Structures are given as C-alpha cells and as structure tokens.
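The following paragraphs lead through one protein model, from its surface to its overall fold and its confidence. Please keep the sequence and the structure in view while reading.

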Amino acid sequence: GSYVSVTPKFDGVGTAHRLSKFTIGIRGIYNNGKRSLFYGEISPFVTRDRGYRYTRTSRLSTTFLYNYMVNKNFSFRIGYTRTFILGNRYHLPYIGLRVGKLDKVNFSIQFPRSITFNVPIGRYVKTSLYTRPQGGVYTMANTDTIYYLNNDKRINFGRYEFLSGLRVDVYPTHLFNFYVSAGITTQNYIGFYSDSYNKTNKGLYKPFYKEKIDNSMYLNFGLVFKWGRVKSIYNNYNMYNAQDLNSTDINNNLNLGNSQVPAKEGKIKNIEPDEIQDLIDAPDFY
C-alpha cells in the first residue's frame with residue numbers, strides 16, 4: 001500500500017487544492033524452480049481533493065509480466081501494464097532487459113519504469129545513475145471554474161516528470177540502510193481533463209489544457225528499517241530477480257533500490273530450498 005499527497009500551486013487559482021492518492025494492492029511472484037519468474041500486480045487506488053467529498057474517484061492499475069533469467073549476467077522481461085504514472089491513462093507493453101549481475105555492476109532498461117546503471121562500491125555502498133518517469137492522475141474540485149463548460153463540479157489533473165540523477169545507498173547493517181539521490185527533472189508536464197468531455201472515452205484522457213513546465217533540480221533522501229529474521233539468499237539469483245521485480249512501491253513507481261539484494265559478501269552454510277522464502281522488500285518512498 002501507499003499514500004501520496006500533492007499540493008500544486010497555480011497562478012491565478014485562489015483555492016489551495018490538497019490532492020491525495022491512496023493505494024492498496026496485491027502482488028504475486030512465482031518462480032518455477034528454474035529460470036522463469038511470473039509477476040502480477042493489481043492496484044486499485046482512490047484520488048480526491050481533500051475537503052470535497054464529491055471528488056472521490058476510483059481507478060485501477062495493473063501489471064503482468066514474465067521474466068526469464070538466461071544466466072546470472074542477463075535476463076529479460078515482457079508483459080503488459082495499465083499505468084497512470086505518465087499523467088494519463090495508458091495501456092502499454094512492458095519490455096525490459098538487464099546486463100550484469102544484480103549484486104554487481106549492471107545496466108537495466110525497464111520500459112516504462114526506468115533506465116539504471118548500478119555500481120556497487122566496496123561492501124556497504126551502492127550507487128546508481130538513473131532516469132525514470134514519475135507522476136499520476138488526481139481528481140480536484142472545479143471551485144475556481146478552471147473548466148467552465150458543462151458545469152463540471154470536478155476535473156482531473158495529470159502530471160509527469162522525468163527524474164535523472166545519481167542515487168547512493170549505504171548499508172551499515174542488514175536491518176538498516178539510508179539513501180540520498182539528486183539530479184534534474186525534465187519533460188515536466190501538466191494537463192487538465194474534464195469528466196464530461198471524457199465521459200465516453202475509453203482511451204487516453206483528452207486535455208482541455210496542457211503545459212510544459214521548466215526543468216528544475218531535486219534532492220531526495222530517506223531511511224529504510226527492517227524488522228524480523230531474514231533468511232539467507234546469498235548468490236541465489238532467482239531470488240535476486242524476484243526482489244528486483246518487487247522493488248517498486250505499489251502504483252507510484254517511487255523506489256529504485258533493491259535493499260535486500262546483498263551489498264556485501266556472506267558465507268553459505270547448508271542453505272536448503274525451503275529457506276529461500278524472503279520476497280518482501282521494504283520500499284523506501286520518496
């Protein structure tokens with residue numbers, strides 16, 4: 001699950017719109033014991049403009065894909081995703097490939113999720129150069145008459161941006177890590193879509209207004225805590241791939257880290273298949 005709050009600032013709009021999105025979804029990850037992984041996610045979410053009950057709107061994101069690990073140094077993915085992170089309602093193919101070991105230097109292209117170049121430094125630090133989209137579709141009250149046709153009481157607000165930058169993850173212990181990321185946002189877009197105009201539209205929402213926003217800098221940081229006993233999965237690359245699939249939070253495309261893929265070497269002692277069970281990643285929201 002996840003919760004996101006957005007307060008956009010518009011020139012000429014007097015009302016402060018406090019937009020929110022709450023998501024609770026379910027994921028399934030299945031490994032056939034060999035090189036294939038199957039992934040499915042169903043993520044219903046609700047958006048609203050706080051203080052205006054009639055703006056409550058329910059939507060659904062889904063992702064289904066197949067991952068095949070050719071060997072430790074190469075894997076590919078193919079599937080389907082229904083996503084709103086590009087500021088509209090998209091039905092897209094999911095296509096991805098990775099070159100290099102997940103716990104070593106690797107290059108990954110995951111459309112439409114991200115492009116990353118990951119480089120571990122020593123035993124406790126991981127660095128990543130990346131670019132990825134981030135955004136969503138929210139519902140807001142039409143109290144400022146932004147849309148003046150058909151007496152719409154609410155309108156939809158879409159936004160996206162492409163984040164490009166450097167991320168550093170530090171793993172002092174197996175129960176705690178922290179990260180810092182910084183870079184530039186480009187291709188910043190906003191759009192407004194009316195309910196009445198898109199009432200019978202089953203494809204992309206048609207905007208009555210859209211605009212590109214200037215590029216800007218950003219800085220993110222966060223802490224990740226873990227509780228409980230974690231089974232050893234060192235050098236099990238099927239599990240590394242499963243955790244890589246599970247490393248983005250529900251619906252928002254907010255997480256780049258693989259905080260359970262080991263950053264340091266460990267010793268193996270009689271690891272049995274039933275001990276390799278830990279699939280749940282603690283997402284670091286930012």
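In this predicted model, the protein chain exposes about 14,900 Å², an accessible area from the Shrake-Rupley method with a 1.4 Å probe, for which only the protein chains shown count as cover of residues. Carbon and sulfur atoms supply 59% of that area.

On this surface lies a nonpolar patch with about 790 Å² of accessible area together, formed by F76, L97, V99, V105, F107, I109, I115, F117, L129 and L166. Such a patch consists of residues with over 30% relative accessible area and no salt bridge, the nonpolar side chains (Val, Leu, Ile, Met, Phe, Trp, Tyr) being joined within 5 Å; a salt bridge places a side-chain nitrogen of Lys or Arg within 4 Å of a carboxyl oxygen of Asp or Glu. At least two patch residues come from each of β7 (90–99), β8 (106–111) and β9 (114–121). V99 belongs to strand β7 and counts as partly exposed because its relative accessibility is 46%, between the limits for buried (under 20%) and exposed (over 50%), with a 1.4 Å probe and protein chains only.

The protein chain has one helix and 14 strands, which are DSSP runs (helices H or I, at least four residues; strands E, at least two) numbered from the N terminus. Of its 286 residues, 47% are buried.

The average pLDDT, the predictor's confidence in each residue from 0 to 100, is 83 for the protein chain. Over residues 265–286 it stays under 50.

Residues are numbered from 1 along each chain as its sequence is written. Local features need pLDDT of at least 70, side-chain atom pairs count only at pLDDT 80 or more, totals for chains, interfaces and linings use all residues, and side-chain values use heavy atoms, with hydrogens and water left out.

Key: Contact = heavy atoms within 4.5 Å. Patch = residues over 30% accessible without salt bridge, like charges linked within 9 Å, V, L, I, M, F, W, Y side chains within 5 Å.
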